[in-house]
Amino acid sequence: MFQPLLTKNFHYGRPASLKEYEAAGGYEGLRAALKMTPDDVIKAVIDSGLRGRGGAGFPTGRKWSLTDRKSPGQRYFIVNADEMEPGTFKDRFLMERDPHQVIEGLLISGYATDAGKGYIFIRYEYTEAARALETAVQEAKGAGFIGKNILGSGFSMEISVHRSAGRYECGEETALMNALEGKRANPRSKPPYPASKGFRMRPTTINNAETVADVPHIIKMGGSAWKTLAAYEGGAGTKLYGISGRVKNPGLFELPTGTPLKEIIETHGGGMQDGYSFKACLPGGASTPIITPNNLNVPMDFDTVSKIGSRMGTGCVTVFDDTCCIVRAMINNLLFFTRESCGWCTPCRDGLPFVYDILQRIEAGVAEMDELNVLDENCETIYSNSFCAFAPGAVDPVRSMLRLFKDEVEEHIKLKRCPCLN
Amino acid sequence: MAMLSEDRIKELREYVSSLEHPEEALVDLMHEAQETYGYLSDEAAEAVAEIAGVPVIKVEELATFYNLIFRRPVGRKVIFVCDSISCWVMGMENLFEHLKARLGIDIGQTTTDGAFTLLPICCLGACHVAPAMLVGDKLYGNLTPERIDEILEKER
């Protein structure tokens, strides 16, 4: 029987208190970690196979081992809780329901990377989550989990919650560091990498909220044991999967990593609402390429979803039903990316509105067939020439539409109207 | 219009001067000034710059970047309607039209009684209860035209 880890305190329907968190084994991971060497903590995370839950899937243990732990002076660990990927609502739940789990994860992560100061960077709209975290930080301070010489280990760490003020680009790790420094959240060029010169030009490690929340469980269970919780051989641990759209039971589910997409939609999501059928889905946010019904058996994990030409992203699935026009869906996506472009580089700032415009022309029935080539070429140019990863994420789903829904797109042009509107 | 009190300004100055990097407090200061003044007026931006000890242009540079810092007056509550993909699937476009009609305003405008400003916002992370919107800092999901009417009544 599958035992939930990340979600086991969610049943309160409110932030679990320190007492409740500890009663369920909370802060045991921190106690155990502080008795280990930082290298052993990193090794456990490497053994666990944990990969970044923000969407990129970079191996967490490897990221930590890259952090410059030798140079004298302050180091930082930042939790990226700026959850703004459309369709994604997993970190909100984590922070609103079990804020101590994120804090414990941050403390262990800080210990492993020798960071004396931790930040939780949260979007301003997540008021409840920010309050929950701020309360939990106070509770943890009172209990001696945060501050000087934590539990007599000699390790000291302070934690601050930073409430941001909007803009998707803040979730890009180097832009986030600029934001935290009180600058415009434009991305920085790499190198230097945050591992050597990040926040305040000091060694900085940054991970998504779900990633750090996994860490206490990895330490408690042991990396190799946590790894075996996955649904298939190549996977690791458990994962928060979300599902939204016209399914019977939209929501968030903690499942073995690599649970087939079909099972997430049909078993946990309850299948399609009556009167609607499944057309396609975005597997993990607005920047992940479309998946069609023929690929629904794919295990939801980074490499497996990449193999079928998409990306797992955040693992929060948005389902398109048979009433959704795929061109209009992409127009909606591009509306988001065009508005949220930080403006730093030209391909993104000026290219995305151009893509948006062509999509609008297709939908309105005024586009010519050869504009599809122009659209594809522009997506390619934006993909290859933008400064950070967000513009590729903006055009990737559009390119998948051109691949997978060529007929539907061309029908718009042939009929000179949207075939989905009667 | 409410102003930051002399005492509060003194407190904030002391806090900022205790920081190694005063600029890092700018977002917090802008939030507080906005809550006090209603929006980040020129006067509020100047107050923030003065407290942080930075040129006003530095505050302006940040304020114009962040979509949740308002450089123009807004209503007592801002209604942020999620217009991202999951809410779009669940019929957000019709609800937006309904809101516009009910409030008698277009996107970016404020109702004549000064109660509400209507703005779109990117995904609110409430996709499981889509369509969703924020009124002030309160999140509402599973929206229908009827429910929107009730919410407007309650929040006005």
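**Figure 1. Salt bridges between chain A and chain B.** Four salt bridges are counted between chain A and chain B, where a salt bridge is a side-chain nitrogen of Lys or Arg within 4 Å of a carboxyl oxygen of Asp or Glu. One to look for pairs A:Arg200 with B:Glu24, whose closest N and O atoms are 2.6 Å apart. Keep in mind that this is a predicted model, with local features needing pLDDT of at least 70 and side-chain atom pairs counting only at pLDDT 80 or more, while totals for chains, interfaces and linings use all residues. Residues are numbered from 1 along each chain as its sequence is written, chains are lettered from A in the order in which they are written, and side-chain values use heavy atoms, leaving out hydrogens and water.

**Figure 2. Where chain A touches chain B.** Here 54 residues of chain A are in contact with 40 residues of chain B (contact means heavy atoms within 4.5 Å). Together the two chains bury about 3,700 Å², 56% of it on carbon and sulfur atoms; buried area is the accessible area (1.4 Å probe) that two parts lose on being put together, summed over both. A:Ala165, A:Arg184 and A:Asn332 supply 17% of the area that chain A buries against chain B, more than any other three residues.

**Figure 3. The largest nonpolar core.** This core has 76 residues, and A:Phe320, A:Met401 and B:Ile79 have the most contacts inside it. A nonpolar core is a set of buried Ala, Val, Leu, Ile, Met, Phe, Trp, Tyr and Cys residues joined through side-chain atoms within 4.5 Å, and buried means under 20% relative accessible area (1.4 Å probe, protein chains only). Helix 13 of chain A (residues 326–340) gives the largest share, eight residues; helices are DSSP runs of H or I, at least four residues, and strands are runs of E, at least two, numbered from the N terminus. Beyond its neighbours within four places in sequence, A:Phe320 is in contact with residues of both chains, including A:Phe278, A:Leu282, B:Ile85 and B:Trp88.

**Figure 4. A closer look at A:Thr257.** You'll find A:Thr257 in the loop between strand 6 (251–256) and helix 11 (261–268) of chain A. Why does A:Thr257 count as buried? Because its relative accessibility is 1%. Its side chain makes a polar contact of 3.4 Å with the side chain of A:Arg53 (a pair of N or O atoms within 3.5 Å; within protein, one must be able to donate a hydrogen and the other to accept it, and residues adjacent in sequence count only if both atoms are side-chain atoms).

Methods:
Buried means under 20% relative accessible area, exposed over 50%, partly exposed in between (1.4 Å probe, protein chains only).
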